[in-house]
Amino acid sequence: MSDSPNQTVAVRDVRDEFRADLDAFEATERKLLIEERRERARVLSERFSGLALRVGE
């Protein structure tokens with residue numbers, strides 16, 4: 001039993017839609033992680049703003 005052309009197109013459309021949704025989710029996740037890191041860096045810089053940091057010699 002072979003797939004009809006309509007079934008093949010439907011499967012391809014679902015696959016493409018799933019890929020687009022997954023790409024959008026991953027982009028949103030990256031954006032949220034970037035924002036979270038920026039906020040953490042801001043908090044840490046406020047906490048340690050009075051310290052003079054030295055790089056090991």
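Let me start with the ground rules. The model is predicted, so local features need pLDDT of at least 70 and side-chain atom pairs count only at pLDDT 80 or more, while totals for chains, interfaces and linings use all residues. Residues are numbered from 1 along each chain as its sequence is written, and side-chain values use heavy atoms, with hydrogens and water left out.

Now the overall picture. Helix 1 covers residues 5–47.

How much of the chain is buried? Of its 57 residues, 0% count as buried. Buried means under 20% relative accessible area, exposed means over 50%, and partly exposed is in between, using a 1.4 Å probe and protein chains only. The chain exposes about 5800 Å². Carbon and sulfur atoms supply 56% of that area. Accessible areas come from the Shrake-Rupley method with a 1.4 Å probe; for residues, only the protein chains shown count as cover.

Next, salt bridges. Side chains of opposite charge can pair when their charged atoms come close. Here a salt bridge is a side-chain nitrogen of Lys or Arg within 4 Å of a carboxyl oxygen of Asp or Glu. The whole structure has three.

Take Asp23 and Arg19. Their side chains meet in a salt bridge at 3.4 Å, N to O. They sit four residues apart in helix 1, so about one helical turn separates them. Asp23 is partly exposed at 37%. Arg19 is partly exposed too, at 44%.

Which residues are linked in a network of salt bridges? Glu39, Arg42 and Glu46 are. Glu39 bridges to Arg42, with the closest N and O atoms 2.5 Å apart. Those two are three residues apart in helix 1, about one turn. Glu46 also bridges to Arg42, with its closest N and O atoms 2.5 Å apart. That pair is four residues apart, again about one turn of the helix. Arg42 is partly exposed, at 38% relative accessibility. Glu39 is partly exposed at 39%.

Last, a patch. Asp13, Asp16, Glu17 and Asp21 form a negative surface patch. Patch residues have over 30% relative accessible area and no salt bridge; like charges are joined within 9 Å, and nonpolar side chains (Val, Leu, Ile, Met, Phe, Trp, Tyr) within 5 Å. Asp and Glu count as negative, Lys and Arg as positive; His and the chain ends are not counted. Each charge is placed at NZ of Lys, CZ of Arg, CG of Asp or CD of Glu. Glu17 lies in helix 1. Glu17 is exposed, at 52%.
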